[in-house]
Amino acid sequence: MSVSPELRDRAAAAPVARLATVDADCRPHLVPCCFRLDGDVAYSVVDHKPKRSTALRRLENIRAHPAVCLLVDHYEDDWSTLWWVRFDGLARVVTEGPEHERAIALLIAKYPQYRAARPSGAVVAIDITAARSWAASG
């Protein structure tokens with residue numbers, strides 16, 4: 001990975017990322033998501049927050065085109081504090097088994113909301129293949 005340990009730690013601690021997928025017709029789809037990094041894998045879960053359906057477009061898109069991008073960033077009016085980290089990878093939809101349970105446990109450890117209402121939906125597992133970053137501070 002080409003991300004400095006400092007920026008990787010900042011990204012890991014950030015509360016939200018944006019997940020970019022592409023549908024079967026190659027149209028982009030971007031959604032905010034909760035996430036957790038675990039080595040070179042990033043996890044997100046379909047949780048209890050209100051949604052129109054549990055058959056989410058991001059899951060359909062991943063099944064059609066597994067190449068995804070996860071962007072974690074920080075913005076403030078003080079532009080000297082800006083930074084972003086982009087993780088590119090191949091995503092999988094995990095619905096059960098040990099990896100599903102491990103991902104849920106990792107997400108529960110990061111988000112108190114998940115301790116109050118344990119998610120049980122599909123997990124998006126992103127095997128990170130490349131990472132890019134930028135920070136105003138260099």
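**From the sheet to a loop**

In this predicted model, Y43 stands opposite A125 in β7. The two strands concerned are β4, residues 41-45, and β7, residues 123-135; they run antiparallel and are joined by 5 bridges. Strands of a sheet pair in general through backbone hydrogen bonds, in either a parallel or an antiparallel way.

Now take the whole sheet. It is open and consists of 7 strands in the order β2-β1-β5-β6-β7-β4-β3, with antiparallel pairing. At the edges lie β2 (28-33) and β3 (36-38), each of which pairs on one side only. From one strand to the next, the twist averages 30 degrees.

Helices pack against these strands. Helix α3, residues 98-110, packs on the sheet and touches β3, β4, β6 (83-94) and β7. The direction of α3 makes about 80 degrees with that of β4.

Helix α2 spans residues 57-64, and its residues R58, L59, N61 and I62 are buried. These four lie on the same side of α2, because they cover an arc of only 160 degrees around the axis. The cover over the buried residues of α2 includes β1 (17-22), β2, β5 (67-74), β6 and β7.

D23 is found between β1 and β2, and D23 is in contact with N61 and H65, leaving aside its neighbours within four places in sequence. Is D23 buried or exposed? D23 counts as buried, because its relative accessibility is 10% and buried means under 20%. A polar atom of the D23 side chain also lies 2.8 Å from the backbone nitrogen of R27.

Technical notes: Residues are numbered from 1 along each chain as its sequence is written. This is a predicted model: local features need pLDDT of at least 70, side-chain atom pairs count only at pLDDT 80 or more; totals for chains, interfaces and linings use all residues. Side-chain values use heavy atoms; hydrogens and water are left out. Two strands pair if DSSP finds at least two bridges between them. Axes are lines fitted to C-alpha atoms, for helices over the stretch in contact, and angles run from 0 to 180 degrees between N-to-C directions. Contact means heavy atoms within 4.5 Å. Buried means under 20% relative accessible area, exposed over 50%, partly exposed in between (1.4 Å probe, protein chains only). The arc is that of the directions from the helix axis to the C-beta atoms. A polar contact is a pair of N or O atoms within 3.5 Å; within protein, one must be able to donate a hydrogen and the other to accept it, and residues adjacent in sequence count only if both atoms are side-chain atoms.
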